[in-house]
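Please look over the structure below before reading the points that follow it.

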Amino acid sequence: MNTLNSLFKNIQSANPEVGLEHRILYAISLEKIARVKRRRLIFSYIGLSGSFAMLVFVWMVFATAILKSDFWYLFSLMFSDAAIVARNWNTFLFALLETMPILPALLILVPMFTLFLSFSMYFSNAGKRHFSY
């Protein structure tokens with residue numbers, strides 16, 4: 001009857017194949033890269049949805065600000081009194097610029113910038129699998 005001690009004495013030394021350590025470390029590094037790509041892809045999904053929602057909200061704020069300001073009344077003159085506006089176009093444009101609600105117009109740039117950044121991150125992480133036809 002073989003005892004455990006005698007079994008281990010009869011085992012030849014295990015020699016791993018050449019390059020096994022390299023293949024294992026390479027597989028681990030590929031898994032780490034894939035994990036980072038998945039996280040960045042999830043982050044880009046969150047950025048896309050959040051910036052799109054903010055863009056819709058800011059557009060609604062901008063639309064109500066334009067409708068409540070004198071900008072809309074001056075802009076409607078282009079349709080009702082086009083001949084007068086054409087004669088005094090420079091004064092009309094300056095009046096439009098003076099009455100434009102600039103803060104909501106500038107606030108539109110923030111969600112658009114984050115939307116473009118999220119699209120850039122998405123397309124850089126999505127890879128070619130989304131473009132194979």
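This is a predicted model: local features need pLDDT of at least 70, side-chain atom pairs count only at pLDDT 80 or more; totals for chains, interfaces and linings use all residues.

1. Residues are numbered from 1 along each chain as its sequence is written, and side-chain values use heavy atoms, without hydrogens and water.

2. Searching the whole structure gives seven aromatic pairs (rings of Phe, Tyr and Trp, the last by its six-membered ring, with centres within 6.5 Å; planes under 30 degrees apart are stacked, over 60 edge-to-face, the rest tilted). Among them, Phe 71 and Phe 75 are stacked, with 6.0 Å between centres and 10 degrees between planes. These two lie four residues apart in helix α3 (residues 70-80), and so are separated by about one helical turn (helices are DSSP runs of H or I, at least four residues, numbered from the N terminus).

3. Phe 71 is buried at 12% relative accessible area, whereas Phe 75, at 26%, is partly exposed (buried is under 20%, exposed over 50%, partly exposed in between, with a 1.4 Å probe and protein chains only).

4. Helix α3 packs against helix α5 (residues 89-99) at about 155 degrees, the axes being 8 Å apart (axes are lines fitted to C-alpha atoms over the stretch in contact, with angles from 0 to 180 degrees between N-to-C directions). The two helices are therefore roughly antiparallel (over 145 degrees; under 35 is roughly parallel, 65 to 115 roughly perpendicular, the rest oblique).
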